[in-house]
Amino acid sequence: MEKTIDLTLKVWRQRDRKSKGQFETYNVKGISTDSSFLEMLDVLNEQLINEGKEPVVFDHDCREGICGMCSLYINGHPHGPDSAITTCQLHMRKFKNGDTITIEPWRSAGFPVIRDLMVDRTAYDQIIAAGGYTSINVGGAQDANAVLIPKTDADEAMDSASCIGCGACVAACKNGSAMLFVSAKVSQLALLPQGRIEAARRARAMVAKMDELGFGNCTNTGACAAQCPKSISLSNIARLNREFIKAKLQD
Amino acid sequence: MWLTNSSIGRKVVMSVSGLFLVLFLTFHMCMNLALVFSPEAYNVICGLLGAHWYTLALTAVLAAGFIVHIVYAFWLTIQNRRARGNDRYAVNVRPQGVEWSSQNMLVLGIIVILFLVLHMAQFWFKMQFNEVASSMAGLDGEYLYHDDPHNGASLVITEFKNLWVVVLYLVWLVALWFHLTHGFWSALHTIGFNNNIWFNRWKVIGNVFATVICLGFAFVLIALFLHTNIEGGILGWNAADWLLNK
């Protein structure tokens with residue numbers, strides 16, 4: 001049997017980057033506990049449109065936890081109270097009938113609000129563009145076993161590469177630091193021989209871009225890793241520190 | 001200069017200065033333990049330190065360590081608050097696995113510094129500073145602020161006879177313990193000396209280390225307090241020989 005719940009939503013509404021935002025309270029009724037959090041917001045928006053009001057703006061795309069577009073700071077947690085999932089994977093069965101849910105955008109100087117719950121995360125793209133790649137002259141594909149890579153390194157690189165760049169780490173961090181993201185993107189390449197060649201230049205360039213864009217200084221609280229939908233490990237940050245210090249000592 | 005204009009560089013300065021201060025704390029704690037067993041031995045150490053040229057040089061290095069650590073702490077905090085943006089979260093929950101101390105390092109540090117002011121006024125001012133200031137004033141064998149700057153044992157024993165002094169120092173030690181439990185592993189993490197295997201090891205080593213340091217300090221405080229306040233004392237030396245008349 002399908003179960004339904006009624007909820008009170010406190011949603012952050014903000015016209016644009018410069019305007020002052022405030023919370024608006026909405027009631028939604030008959031939400032299926034089988035629906036996802038974003039489907040619940042779709043119901044809210046349908047309701048707002050029918051009432052002739054502006055729907056709530058929020059980011060989303062694949063709705064299966066791989067694109068990194070959805071965000072939302074739900075009841076004090078990025079991507080909601082459940083661990084290791086994105087907002088789109090959050091089910092309404094995690095909430096109880098009559099609950100009040102507070103929904104806020106990522107709050108960080110590096111991610112300014114575009115409108116309501118949607119923030120500008122192009123800063124992450126700029127950090128990647130600064131060095132989060134390998135420069136390869138594309139030619140014929142090599143034999144897959146020409147370069148041997150230990151299984152442990154390959155696994156760790158894959159774990160780091162599972163970062164979807166959603167920005168939950170910055171949202172969770174009291175310092176607005178992007179270190180978990182940058183460290184994952186540096187690690188996924190630094191762990192593999194193909195990425196080692198440009199490791200020093202990459203660490204230098206990506207950290208410089210991160211600092212330039214106004215992200216904070218990491219104080220190792222670990223809130224980022226605790227809230228990360230992909231469970232990116234904090235040890236990536238130690239690796240980034242190591243890579244960066246090594247690069248600077250070489251200068 | 002990367003130690004000032006990159007985020008990781010600034011953190012490296014925090015880390016290295018912090019580890020240096022941890023070394024100093026370790027030395028200070030070991031030195032204090034001597035007092036419990038023999039005030040004479042403690043005074044020998046005080047005499048070795050005193051106001052010799054090498055101690056003054058070390059004091060200058062130590063002071064620089066403190067100043068760098070404190071200045072960077074405020075600098076980093078101001079930058080981090082700016083990076084957080086103007087709007088604060090209405091609902092904010094500390095996630096599981098995030099230490100309370102890690103999010104309150106500045107507050108804990110400020111408590112430590114406030115007590116340091118009291119501590120310096122009680123001892124350093126009457127000892128090393130007294131000696132230097134008196135010799136600069138041209139006094140020969142006489143002192144400006146306290147008659148006997150080489151008798152550190154008496155100063156300490158007399159101060160820790162007071163319950164309120166002991167309680168204040170214990171509060172200070174609690175703040176210091178919290179500061180160290182995060183600071184120790186975090187410092188090693190920041191200089192890149194960490195990975196998935198050592199992550200929990202460093203945390204345990206840091207907790208044990210912070211506990212040993214703080215218990216060492218607390219042991220001296222409590223032993224002296226009991227010795228000077230219980231009839232007949234609990235230690236192998238006579239408290240009356242060392243107490244100053246205030």
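What share of the 246 residues of chain B counts as buried? The figure is 28%, where buried means that 20 or more other C-beta atoms lie within 10 Å of a residue's own, exposed means 12 or fewer, and partly exposed is in between, with C-beta atoms placed from the backbone. The model is predicted, so local features need pLDDT of at least 70 and side-chain atom pairs count only at pLDDT 80 or more, while totals for chains, interfaces and linings use all residues. Residues are numbered from 1 along each chain as its sequence is written, with chains lettered from A and ligands numbered from 1 in the order in which they are written.

View 1. Take the chain B contacts between residues at least 6 apart in sequence, and 72% of them join residues at least 24 apart; a contact here means C-beta atoms, placed from the backbone, within 7 Å.

**View 2. Helices α2 and α4 of chain B cross.** The axes of α2(B) and α4(B) come within 9 Å and cross at roughly 140°. Axes are lines fitted to C-alpha atoms, for helices over the stretch in contact, and angles between N-to-C directions run from 0 to 180 degrees. That angle makes α2(B) oblique to α4(B), on a scale where under 35 degrees is roughly parallel, over 145 roughly antiparallel, 65 to 115 roughly perpendicular and the rest oblique. The crossing is left-handed, meaning that the near helix is turned anticlockwise from the far one by less than a right angle. On the α2(B) side, look for residues including R10(B), M14(B), F20(B) and F24(B); on the α4(B) side, L62(B), F66(B), H69(B) and Y72(B) are among them. The residues of this contact divide into eleven nonpolar, four polar and one charged (Ala, Val, Leu, Ile, Met, Phe, Trp, Tyr, Cys and Pro are nonpolar; Asp, Glu, Lys and Arg are charged; the others, Gly among them, are polar).

**View 3. One face of helix α6 in chain B is lined by buried residues.** In α6(B), residues 152-159, the buried residues are G152(B), A153(B), V156(B) and I157(B). Down the helix axis, they fall within an arc of 120°, so they line one face; the arc is that of the directions from the axis to the C-beta atoms. These buried residues pack against α2, α3 (39-49), α5 (105-136) and α8 of chain B.

**View 4. Chain B meets chain A.** Here 37 residues of chain B are in contact with 41 residues of chain A. On the chain B side, α2 (7-37), α4 (53-84), α7 (163-190) and α8 (196-229) each supply at least two residues. The largest share, six residues, comes from α4(B). This side of chain B divides into 14 nonpolar, 17 polar and six charged residues.

View 5. Chain A has nine helices and seven strands. Of its 251 residues, 45% count as buried. The C-alpha atoms of chain A fill a box of roughly 60 × 45 × 35 Å, again along the principal axes.

**View 6. Helices α5 and α7 of chain A pair up.** The axes of α5(A), residues 179-190, and α7(A), residues 199-212, come within 10 Å and cross at roughly 170°. The two helices are therefore roughly antiparallel to each other. From α5(A), V182(A), K185(A), V186(A), L189(A) and A190(A) meet A199(A), R202(A), A203(A), M206(A), V207(A) and M210(A) of α7(A). That set splits into nine nonpolar, no polar and two charged residues.

View 7. K209(A) sits in α7(A) and is buried, with 20 other C-beta atoms within 10 Å. Neighbours within four places in sequence aside, K209(A) is in contact with Q126(A), I127(A) and A130(A).

**View 8. Two loop residues of chain A have positive phi.** R63(A), in the loop between α1 (37-50) and β3 (73-74), has phi near 55° without being glycine. R63(A) is partly exposed, with 16 other C-beta atoms within 10 Å. A84(A), in the loop between β4 (77-78) and β5 (100-104), has phi near 60°, and is likewise a residue other than glycine. A84(A) is exposed, with 12 other C-beta atoms within 10 Å.

Conventions
Helices (H or I, at least four residues) and strands (E, at least two) are DSSP runs, numbered from the N terminus. Two residues are in contact if their C-beta atoms, placed from the backbone, lie within 7 Å.
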